[in-house]
Amino acid sequence: MIDELKKTKSLTPFITDKCEENQICVTMDNSIPKTNYVVIKVDDHYNSLRLKKTPPSVDCLITVKCRDNGYIIYLVELKNIKSPAGFKIDNIYNKFKTTIEDFMEILFRNIFHNRKYNVKRLHLYFVTDPYGKRRLRAGTTKMDSLLSRKPFKFQGKLYMLNHKLPNPMITNC
C-alpha cells in the first residue's frame, strides 16, 4: 500500500515524512523504519485542485505498515488554538468526513479498499490543546460535543474521533 501511494502521480507532491502545522505535530516512533510509513498532506491535495469550494479535509493521512504486513491508517487534524472558541465542531467533523468519504472511498478507492491490503485499524486524531497547559475540563464542552458525534464508517467498521494532546506519537504496530 505504501509503495502504491508513493507511486500515485497525483499524490506525489503531497507526500512527506512529517505531519506538522502551526507548531503542532505528530511524532513518529523511531522504531518505525522510514520505508514502513507514508504521510500524505490531504488538505494540501484538496487545495491544489482549485475547486470553486474546497472541501474541508484533515491535515495528514499516515499509513503505517505493520510487521504482519497489515496496515494502520491515521487521519490527523492539527490545530494550534488558545481556547475551545478556536474551532468549529462542524468544520472539524467535516474534515474527517471528507477525507474518509471522498479521498479514501472515491478518489483513491483503488488503494484504500483494495483487498490485497489488510487495513487493521483506522485512527482519527484531532490534535490540539484548547484548554491550555495540557489540562482538560470536565463537563459538557465543545470538545465533548465533537467527540460524541456520529462515528465514521470505513470498510464496514465504525470509528470514533479521538482528541489527542500535542504532540502524540505514532507507535510501531
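What follows is a chat about the aromatic rings and the overall build of one predicted model.

Reader: What should I know about the model before I start?
Author: The model is predicted, with local features needing pLDDT of at least 70 and side-chain atom pairs counting only at pLDDT 80 or more, while totals for chains, interfaces and linings use all residues. Residues are numbered from 1 along each chain as its sequence is written, and side-chain values use heavy atoms, with hydrogens and water left out.

Reader: OK, how many helices and strands are there?
Author: The chain has 5 helices and 11 strands, taken as DSSP runs numbered from the N terminus (helices are H or I with at least four residues, strands are E with at least two). The radius of gyration, taken over C-alpha atoms, is 16 Å, close to the 16 Å that the globule rule gives for 173 residues, so the chain is as compact as a globular protein of that length. That rule is 2.2 Å times the number of residues to the power 0.38.

Reader: And how many aromatic pairs are there?
Author: The count comes to 8 aromatic pairs, where rings of Phe, Tyr and Trp (its six-membered ring) pair if their centres lie within 6.5 Å, and planes under 30 degrees apart count as stacked, over 60 as edge-to-face and the rest as tilted. One of them joins Tyr 71 and Tyr 117, an edge-to-face pair at 5.9 Å centre to centre with 90° between the planes.

Reader: Where do those two sit?
Author: Tyr 71 lies in strand 6 (residues 70-78) and Tyr 117 in the loop between helix 4 (109-112) and strand 7 (118-127), so the pair ties together parts that are 46 residues apart in sequence.

Reader: What about Tyr 93 and Phe 152, stacked or edge-to-face?
Author: Tyr 93 and Phe 152 are stacked, 4.6 Å centre to centre and 25° between the planes. Tyr 93 belongs to helix 3 (residues 89-107) and Phe 152 to strand 8 (residues 152-154), so this pair ties together parts that are 59 residues apart in sequence. Tyr 93 counts as buried at 8% relative accessibility, and Phe 152 does at 4%.

Reader: Which charged end sits over the ring of Tyr 93?
Author: That of Arg 149, 4.2 Å from the ring centre; the rule asks for NZ of Lys or CZ of Arg within 6 Å of the ring centre and within 35 degrees of the ring normal. The charged end of Lys 142 likewise sits over the ring of Phe 87, 4.9 Å from its centre.

Terms used
Buried means under 20% relative accessible area, exposed over 50%, partly exposed in between (1.4 Å probe, protein chains only).
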